[in-house]
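Please find below some remarks on the structure, written for a reader who is new to such descriptions.

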Amino acid sequence: MSYIPHSPREGKDLLGTLNEFAYAEYGSFLEILALAKKAKSSRRKFGFIKHALDEYRHSSLFFKILSNQAKRGVGKFKREYRYFPQNVIIKGYVDKEGFLIEKLSLKKLLEFVYANELMVKETFDRLKKINSIIQDEESINILNSIMKDELDHHGQAKKLYEIKFPDSKLQFALKKERIKRNFRLINFHNIKFLNKIFDLIINFFISCFGKIINLITVPDSKNENLMTLDPQSVI
Amino acid sequence: MFYLGISAYYHDSSVALIDDEGSLVDFKKEEWLSRIKGDKTFPRLALQELINSFSLSDENIKFITFYEKPVRSWISVLKHSIKNNPLSNDLTRNYFKNAWNSSMRFQMDLSKYIKIKKIPILYSDHHLSHTLSTLYYYNDFPYVSVVVDGYGDKYCTSIHHVKSNKEIINLWNSEYPNSLGLFYSAITDFLGFSINEGEYKVMGLASFGQPKYYENLKKTIKFEDNKLITDTKYYDYIRRTDRSFSDQLTNLFEIEPRLPDISLEIGEKKFQVYADIAASAQKVLEELLFSIFQYAYNLTKEKKFLFSGGVAMNSAAVRKCSKLKFINQLNISPSSGDSGAAIGASYFGFLSEKKNNNFVSKNNIKNSLYPGKFKPEGNFLEFGFDKIADADTSLNETSILIANNEIIATCYGNIETGPRALGHRSLICNAHNSDLVKKLSTEIKKRSLFIPTAPTILKEYAEKYFYLENSLMNCYMHMTATATPKAEVMKNIRGVVHIDNTSRIQICNETHLLGKILSNLKKFDIYLIANTSFNISSDPMVYDEIDAVVALHKMKIKYLLTENGLFKKKFEIKV
C-alpha cells in the first residue's frame, strides 16, 4: 500500500529492485499497522492486522527471493542490500513526519490504497515479464502469491470505499495517483544526476567552509565539573 | 513540574520524564511506537504519548534537556574528516549533507509538538548523560563512572569521578576516532551483522571460537601510556559511510567479510573462522576494558563503579570486569545505550534545579524498572482470542501451562526500559526443558543457535543454581551480567546455559510478575523460566496489544498473558 518503487529496466539491477520492493512492502506493513491502532471496532482492528501481516509476509518473501538470488550468485550482492529497518524511512516509504493515517482523511487514504495496490500489481506483472533471471520455482511461486494478495487488497479497499463514499468516483483517484507516481519515477530515475549536481554544491561548500570549521575549537572539559558547564551551550 | 529528557538522531531515539520528586515517571523509545527497529528520528510518537498521558505543556515542564551538545557532536567528526581526508571524501560530504537531519535541528523538531518559548532548553554533555542515567538508579556516591560507547560529543570513552550528584569531574577521555565501541562495531560489520544491532550476536558467536586472531587484532587498537589508540588504517569508519572496516583488516584476517542477511549456522563451512574472529575481538575488548577500569581506579581510588555506554551491554565482558580485584560494586543501568541517555538528560534537568549538594533521590533499581502509564486496550482481544482466565486466576493458569511445556507471551503493564525482557514483554517457558528452549529461540524467534536464551529465577534459589558475584548483584536484577551455573545443576538447565557455561540471569523477587509465576511453579519442581524478549529478532519489542497480536501470529504462539487475563488464539492468520 506504500509508495511503489521503480521497476527495473530490462535485465538491470534486479536485486536492487527486489530490495526496493521489500522495503515498500515493509512500509505498507507499518502504515496498515498504524491504521489498526486507530480503528475503533474489534472486527476492523483484526481486519487491518490481517492486511498488515500480508504486507509483512510480502516484505519477508522479497528478502527471501533476494537471498535466494544472492545464494545462486545472481548479480552482485551489494552490502547496502543488508536488511536495515530504518531504510524504510531513508528510502521514503514511510514519512518520518507521520503515517498516512495521520495525514490523510479516510477517503483519501482509501483512494490511496485502492490505486496503489492496483499499480503495484501492474508493476509486478512487468517485473515478471522482463525478468529472465528469477528462475527458481520457489521465488516464482512467491511472486505469484504476492500478486494475488495485492489484488485482494485492491478489491477490499474498493469495497470499503464504495460503502463509505457511494457518490465518489474512484477512477479519478487512480488517475491522480498515476500522475503522482510518474513524477516520483522521474525523480527516481534522475536522482543520480541530481545527486551529482548536489555533490558539486556540497564540494563547493566544503572548500569554502572546511577551513573555517577547522579553526573552530571544540571546548575540552577535562578536569571540569560537568554539572557546572553552561547547560545552554550547544558546543 | 516535569523534567523532560530527549535522545535522538544517532540511534534509538527516546524520551524520559522525571517528576518533581525525582522519580522516573515514564520512558519511551520511538521504535516501540513507530515499529522501526533502532528508529533514530525525532521521537515524535513517544513525545506525543507523554504529552497525552501527563498533559504536558509549557505550564508544567520545567526544563527540556537534550542528551548531547549538537554542534559539538556534529563538528568534532567533521573536523577530523576534513583534516585527515581529501575534501571530496564520502564521510565529509555526508556530514555536510546531513547537517540538516542531525541533532542541530532539535529545537525546530521539538517546537512542532511543544510551545518552547517559555521552557528553558538545556544540553547535557553526552557522556554525562550516560553517567547520570546510571547514577539515577544508584544514588549512593562517591563512584567512578566509566563510559564506553561508539562516539558522542567528541569523546568515545570517559572516566568521571562522581563525588556527589552536583559534582561530577571529567578526569579522562579518549577522543574520536579512538573508540572501543567503533572497533567492536567494525567487527560486527565485518561479520555481516548490522551495526548498533548485531553486537550482541558477535558476543554470542565469540563463545564458539578461539581467539586465534587476537595477536594480530590487538595491534589495531591498544591502551598505551594511558591513551586509547586506534590504528585507523584498519578501520574505514573514519573515511566511508558504507562500511566500517578497511581492506587492511580483511587482509589481517585473510578471509572475505561475511555477506549480510545470509544466516550463519553452527557447523557450516566458515562458521569456525568467523567465530574465531568474534572471540578475538571479544578478548581485545575485554583486555582494553580491564586497562581502562584499572586506570579509572588509579585516578580515583574508588571501588564502586558505574559503567555505561553501548559497550556496557556486553554482559560477558561485564562479568569479567567485575572480577577485577579493585572493584567492590559494578553498577549498570537497565538501558545503558543512547536511548537510556534520555533518562540521564532528564535527570540532568532535575538536578540543575536542586540547590542542595547532598540531595539523594529515592530512586533505586527496584522501583524504576517499569515506568509509565500503560493502559491495556481491553476488550478487542476477545474478537480473536478466547479468554481462558480472568486477571485474578491468570497467573495460576499461566503456571499450569508452563508446567505443561507451553510457551506464553506477556504484554503486561508497563514495558521494560532496556533491551532485556524482564517479564512484562517476554516469551517465557519452562527452562528445565532444553528442547523447548531451543524451539523458542530458533523456530519461534528465528535466532541462530549461537545466540543464548536467558533464565529468570527467584532470589531464594539463585545461589543454589549459580555462582554469583557480589559486585554484580544489582545487575542481576535486569539481565546486564552473566553468571556461572553450578556443575550439579547444569544438566537440568542446559537450555539456558550458553556454550561458555554462563547464563545472563535475571533474579527477581515474589512481588514481580515473573516472581509470582515462579512461586506458583515451585509445586511443579520448576525453578527457572526461560525468558526472551517478545519480538522476532529484527523487530522492536512488542509495545501494545495490537503489536502483541501481530507478533503472536508472526511467531505462531497461542497464549497471551495481559493484565486483563490469559488469552488463547482462536485462529491463525497466514504469515
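1. The model discussed here is predicted. The remarks should be read with this in mind.

2. The contact between the two chains draws on 53 residues of chain A and 57 residues of chain B. On the side of chain A that touches chain B, two or more residues come from each of these elements of chain A: helix H1 (14-38), helix H2 (42-71), helix H3 (87-90) and helix H8 (191-215). H2(A) provides the largest share of that side, with 13 residues.

3. Sorted by class, the side of chain A that touches chain B comprises 28 nonpolar, 12 polar and 13 charged residues.

4. In chain B, helix H8 (residues 199-206) is mostly covered, as seven of its eight residues are buried. The buried residues are Glu199(B), Lys201(B), Val202(B), Met203(B), Gly204(B), Leu205(B) and Ala206(B). Their cover includes helix H7 (180-190), helix H11 (271-300) and H12 of chain B.

5. Lys325(B) lies in the loop between helix H12 (315-322) and strand S12 (329-332) of chain B. Is Lys325(B) buried or exposed? Lys325(B) is exposed, because 7 other C-beta atoms lie within 10 Å, and a residue counts as exposed at 12 or fewer.

6. Lys325(B) and Gln294(B) are separated by 31 residues in sequence, and their C-alpha atoms are 9.7 Å apart in space.

How values were computed. Residues are numbered from 1 along each chain as its sequence is written. Chains are lettered from A and ligands numbered from 1 in the order in which they are written. This is a predicted model: local features need pLDDT of at least 70, side-chain atom pairs count only at pLDDT 80 or more; totals for chains, interfaces and linings use all residues. Two residues are in contact if their C-beta atoms, placed from the backbone, lie within 7 Å. Helices (H or I, at least four residues) and strands (E, at least two) are DSSP runs, numbered from the N terminus. Ala, Val, Leu, Ile, Met, Phe, Trp, Tyr, Cys and Pro count as nonpolar, Asp, Glu, Lys and Arg as charged, and the others, Gly among them, as polar. A residue is buried if 20 or more other C-beta atoms lie within 10 Å of its own, exposed if 12 or fewer, and partly exposed in between; C-beta atoms are placed from the backbone.
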